[in-house]
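Here is a friendly note to read with the structure open beside you. Take the numbered points one at a time, and look up each residue as you go.

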Amino acid sequence: MITCTALRWGAPGQPLTPPVDFTLEKGSLTGVIGANGTGKSSLLKVIAGLQKPLTGKVSVNVPRRGGLAFLPQQQHLDRQFPISLQELVAAGFWGLQLSPQQRSQRLQAVLEDWCLSGLEQRPLMALSGGQLQRALLARMSLSESSVLLLDEPHAALDEEGQALCWKHIHAWHASGRTLVVVCHDLASVRHHTQNVLQIKSTGCLLGPSKELIRPQPRMQVA
Amino acid sequence: MHFAAHLWMPFFDFVFMRRALIGGLVLACSTAPLGVFLILRRMSLIGDAVAHGILPGAALGFWFAGLSLPALTLGGLGAGLGMAGLSAWITRRTGLREDASLAAIYPISLAAGVLILGIAGKRLDLLHLLFGSALAVDETTLSGMLWVSGFSLIAMTLIYKPLLLDTLDPLFLQTVSRLGPLAHGLFLTLVVLNLVIGFQAIGALMVVGLMMLPAIASRFWSRRLPVLIAVSAVLGCLSVWLGLLLSFYYSLPSGPAIVLVAGAGYLLSVVFGPVHGLLRRPPLLSSQ
């Protein structure tokens, strides 16, 4: 589904890794791990076609537009922007042919799914980080893309929100979509994903998450 | 005479006042959404930059064709678009910030314009170009303004949604549609077009005031984008109307009168506006 050949990415002249080759199968759920600055977010952007690779090739076997949905980290949004949560979420309908009734039904459904009911008319600036993150995830839920790329979807979410997020990730996976999830919480990645792509400055490793990530020791307190 | 009559009389009695009013009103309506989007895109200063950038083109037009509307418009349009395009291209190729690359280009344009006017040696008053005269709007200029306003209102309606998403979340729009760059380009073209047609009427620098002041003021009145645009259009229209009246009764230059009224509207909004205005007290308990 997603094939990278001799891929190098990063800032011009400063590739983050040696050329890497890997293939993510159709319908797979892959966690991406690695320390800060190893290029997890930019790898997602390269796969999404938002950033050019330095060398090599990425091919994603989906239609050019709308075949792929990307959830970036939320810092890039202008919180002062004068629109409401509902308008932000409804942008996910872009490119879909639906009647107004279908739209409003689906919108209500995803807002409920992501525990956002009652916040429809809130302006962006009055949302908490977690509410905004759930709104962005809800917007993604509306898309019918077969490839979903999520960059730290759990950031800013509380425990309940994280559980909700993993629940949806599993539901998307079960519906046959291909998912790539960047996440720093190794224990969750080990628990929730089949495969993991580990990025290091020396190269990338792709393998079963139970093998690549050792069981995380319980944190000992006092 | 009844007081209310003073508010309408000049526009009934004098053709030049009527033309100035109509031209100003349509311009205020078409620049309102442009100004609001410029602010949202953090490009509030681009209007100023483009207004200066128009000068060499207008000066060239004047050199070759004299004081003719099509020549000045074409020249201004070419120079304005060329400047905006060049700075966007430099930004894209080198990563220089857009405001910095504009700030670098517009003194070049301004200096080139003044130089061309100097070499041309004809007497086109620079002050007239920069500050204009609403009272000199003739039939041709007025119809030009009507066309430009109509076109930009229709175009803005068409690109409203992609432009909104391109402003708020360009990464998202890029993954679902290829309209982003198109909407951005058309939007910049509309900005230049409105500035060029406006500079004939109220001057290159004054039309920037008419575009930006009501748009910035509107931010103190609402948190909803359509309302912001409507408030901005109403404030712009009021400024044109009151400004022309002031200039009529007190023999003031019309462009500055209009912009100063808009400026007063801005200051009043800062003080009294319900959204983060200075006098607004945040409610201690939410009303939910």
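Where does B:Ser251 lie in chain B? Keep that in mind for point 1, after a word on conventions. This is a predicted model, in which local features need pLDDT of at least 70, side-chain atom pairs count only at pLDDT 80 or more, and totals for chains, interfaces and linings use all residues. Residues are numbered from 1 along each chain as its sequence is written, while chains are lettered from A and ligands numbered from 1 in the order in which they are written.

1. **A loop residue in chain B.** B:Ser251 lies in the loop between helix H11 (225-249) and H12 of chain B. Helices (H or I, at least four residues) and strands (E, at least two) are DSSP runs, numbered from the N terminus. The phi angle of B:Ser251 is near 50°, a positive value in a residue other than glycine. B:Ser251 counts as exposed because it has 7 C-beta neighbours inside 10 Å. The scale is this: a residue is buried if 20 or more other C-beta atoms lie within 10 Å of its own, exposed if 12 or fewer, and partly exposed in between, with C-beta atoms placed from the backbone.

2. What is the phi of A:Ala156? The value is near 75°, again positive in a residue other than glycine. A:Ala156 sits in the loop between strand S8 (147-151) and helix H5 (159-174) of chain A. A:Ala156 has 19 C-beta neighbours inside 10 Å and therefore counts as partly exposed.

3. **H10 and H12 of chain B.** Helix H10 (residues 204-218) and helix H12 (residues 254-272) of chain B pack at an angle of about 15°, with their axes 9 Å apart. That makes H10(B) roughly parallel to H12(B). Axes are lines fitted to C-alpha atoms, for helices over the stretch in contact, and angles run from 0 to 180 degrees between N-to-C directions. Angles under 35 degrees count as roughly parallel, over 145 as roughly antiparallel, 65 to 115 as roughly perpendicular and the rest as oblique. The crossing of H10(B) and H12(B) is left-handed. A crossing is left-handed if the near helix is turned anticlockwise from the far one by less than a right angle, and right-handed if clockwise. Among the residues making the contact are B:Leu210 and B:Leu213 of H10(B) and B:Ile258 and B:Val259 of H12(B). Two residues are in contact if their C-beta atoms, placed from the backbone, lie within 7 Å.

4. **H3 and H5 of chain B.** The axes of helix H3 (residues 46-65) and helix H5 (residues 98-120) of chain B come within 8 Å and cross at roughly 25°. H3(B) and H5(B) are therefore roughly parallel to each other. Their crossing is left-handed. By class, this contact has 16 nonpolar, 4 polar and no charged residues. Here Ala, Val, Leu, Ile, Met, Phe, Trp, Tyr, Cys and Pro count as nonpolar, Asp, Glu, Lys and Arg as charged, and the others, Gly among them, as polar.

5. **H4 and H9 of chain B.** Helix H4 (residues 69-94) and helix H9 (residues 179-202) of chain B pack at an angle of about 145°, with their axes 9 Å apart. H4(B) passes H9(B) in a right-handed crossing. The contact includes B:Leu77, B:Gly80, B:Leu81 and B:Ala84 of H4(B) and B:Val192 of H9(B). Its residues divide into 12 nonpolar, 5 polar and no charged.

6. **The cores.** The largest nonpolar core has 89 residues, and B:Val50, B:Val192 and B:Leu210 are among those that touch the most other members. A second, separate core of 50 residues includes A:Cys4 and A:Leu43. A nonpolar core is a set of buried Ala, Val, Leu, Ile, Met, Phe, Trp, Tyr and Cys residues joined through C-beta atoms within 7 Å.

7. **Where the chains meet.** How many residues of chain A are in contact with chain B? The count is 18, against 15 residues of chain B. The largest share of chain A's side, 3 residues, comes from strand S7 (residues 68-71) of chain A. By class, that side has 13 nonpolar, 3 polar and 2 charged residues.
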